[in-house]
Amino acid sequence: MTRLPGLSVVLSVRNEAENVSALIARLDAMFAGAAVEYELLFVNDASTDDSLAILLREHDKNPRVKVLNLARRFGVAEGVLAGMAAARGDAVVYMDADLQDPPEIVPALLAKWRGGADVVHTVRTRRHGENQLKMWATRMAYRVIQSGSAIELPVDAGDFKLLSRAAVDHLLRLRESDPYLRGLVVWLGFNQAFVPYERDPRHAGRTHFPFFSKNPWKTFVLGVTSFSFLPLYACVVLAAAGALATVAAVVVALVLVANGSGAAGITAMVALLLFLWTTTIGAVSALGLYIVRIYKDVRGRPAYIVQSTVGISAQTARMQS
């Protein structure tokens with residue numbers, strides 16, 4: 001008898017009590033017509049609502065629903081990596097738990113994988129129910145990250161992807177703190193494919209990534225500093241511009257002094273000093289971003305700690321990564 005391929009769906013969850021039951025129902029309905037064995041790995045990122053209780057009830061009804069409880073709140077990317085480390089499928093899909101990523105797109109990802117792709121990205125052609133300012137800022141942020149990146153990062157591709165077993169295994173060998181998964185899965189290489197889709201509004205509850213919160217800005221900084229030296233190059237350009245401005249300001253100051261206009265000369269020198277101070281602070285700040293990342297990597301702390309599991313056997317010793 002031919003063995004069906006196995007697919008693991010990894011979902012990092014924090015305070016999604018209003019969404020997980022509907023999400024599981026739609027995933028089960030989708031998989032009913034797919035020729036694949038599957039497991040649903042929910043990584044509970046220290047939820048403070050009823051998410052865990054609901055997941056435990058869902059596991060009692062369906063053993064394919066499995067749960068990893070993290071020891072504290074570690075973050076979405078870290079939760080995804082914890083789920084991948086526990087996944088046993090021939091391929092892994094990771095997606096958000098708020099139903100903005102439609103589960104019905106998964107068969108299209110499977111088709112690309114069966115066609116030979118190791119990494120299948122979803123590309124958002126439309127984003128329903130999103131704040132217009134946030135969408136504009138997100139598009140601009142992706143383009144800034146792409147413009148300075150050393151690799152070709154796809155624009156408008158978020159955290160809804162399929163990875164083959166080979167890609168997952170290589171990804172788990174990376175030991176980066178604050179991992180920028182959207183870039184790392186591209187950096188891996190292999191055969192990469194794309195599936196366009198329209199992103200739905202959030203099913204229920206409020207977004208955990210409002211525009212004026214640290215999460216979107218942290219993601220932007222991680223994207224830039226993970227795959228680009230653009231901030232450092234920008235500081236070099238600012239330094240060069242500062243040197244040219246210094247020469248020009250000195251010339252202007254000499255002319256003004258010769259004409260007896262001391263006030264104009266002082267104004268020019270103050271402006272020059274302010275410009276030089278700004279470029280110096282900018283250079284130090286950009287350098288500091290990279291030093292912080294180096295420090296975090298050198299510390300060697302695990303990206304996450306799994307406190308307990310439900311439906312997952314003890315052989316997953318590598319879960320504390």
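Helices (H or I, at least four residues) and strands (E, at least two) are DSSP runs, numbered from the N terminus. This is a predicted model, in which local features need pLDDT of at least 70 and side-chain atom pairs count only at pLDDT 80 or more, while totals for chains, interfaces and linings use all residues. Residues are numbered from 1 along each chain as its sequence is written, and side-chain values use heavy atoms, with hydrogens and water left out.

**View 1. Overview of the protein.**
The protein has 10 helices and 8 strands. Of its 321 residues, 45% count as buried. Buried means under 20% relative accessible area, exposed means over 50%, and partly exposed lies in between (1.4 Å probe, protein chains only). The accessible surface comes to about 16,200 Å². Carbon and sulfur atoms hold 63% of that surface. Accessible areas come from the Shrake-Rupley method with a 1.4 Å probe; for residues, only the protein chains shown count as cover. Contact means heavy atoms within 4.5 Å. Among contacts between residues at least 6 apart in sequence, 82% join residues at least 24 apart.

Val247 lies in helix α9, residues 230-258. Val247 is exposed, because its relative accessible area is 53%. Together, Val247, Val251 and Val255 make a nonpolar surface patch of about 250 Å². Patches are made of residues with over 30% relative accessible area and no salt bridge: like charges are joined within 9 Å, nonpolar side chains (Val, Leu, Ile, Met, Phe, Trp, Tyr) within 5 Å. An α-helix has 3.6 residues a turn, so residues three or four places apart point the same way.

**View 2. The salt bridge of Arg26 and Glu104.**
A salt bridge is a side-chain nitrogen of Lys or Arg within 4 Å of a carboxyl oxygen of Asp or Glu. By this rule the count comes to 5. In one of them, the side chains of Arg26 and Glu104 meet at 2.7 Å, N to O. The pair links distant parts of the chain, 78 residues apart. Arg26 sits in helix α1, and Glu104 in the loop between β4 and α4 (106-114). Arg26 is partly exposed, with a relative accessible area of 28%. Glu104 is also partly exposed, at 42%.

**View 3. The salt bridge of Lys66 and Glu39.**
Lys66 forms a salt bridge with Glu39, and the closest N and O atoms are 2.7 Å apart. This pair too links distant parts of the chain: Lys66 in strand β3 (residues 65-70) and Glu39 in strand β2 (residues 37-44), 27 residues apart. Glu39 counts as buried because its relative accessibility is 8%.

Lys61 and Glu58 form a salt bridge, with the closest N and O atoms 3.6 Å apart. Both residues lie in helix α2 (residues 51-61), 3 residues apart, about one turn of the helix. Lys61 is exposed, with a relative accessible area of 65%. Glu58 is buried, at 10%.

**View 4. Strands β4 and β6.**
Strand β6 (residues 157-164) is mostly covered, with 7 of its 8 residues buried. Strand β4 (residues 91-94) runs antiparallel to β6, and 4 bridges join the two. Two strands pair if DSSP finds at least two bridges between them. Val92 has Leu163 in β6 as its bridge partner.

**View 5. Helix α3.**
In helix α3 (residues 76-86), 10 of the 11 residues are buried, so the helix is largely enclosed by the rest of the structure. Among the buried residues are Ala77, Glu78, Leu81 and Met84.

**View 6. Gly183 and Gly158.**
Gly183 lies in helix α7. At 0% relative accessibility, Gly183 counts as buried. Gly183 and Gly158 are 25 residues apart in sequence. Their C-alpha atoms are 10.0 Å apart in space.

**View 7. Two loop residues with positive phi.**
Most residues other than glycine have a negative phi. Asn15 is not a glycine, yet its phi is positive, about 55 degrees. Asn15 is found in the loop between β1 (6-13) and α1 (20-31). At 23% relative accessibility, Asn15 counts as partly exposed. Phe190 has a positive phi near 65 degrees. Phe190 is found in the loop between α7 (181-187) and β7 (192-199). Phe190 is partly exposed, with a relative accessible area of 39%.
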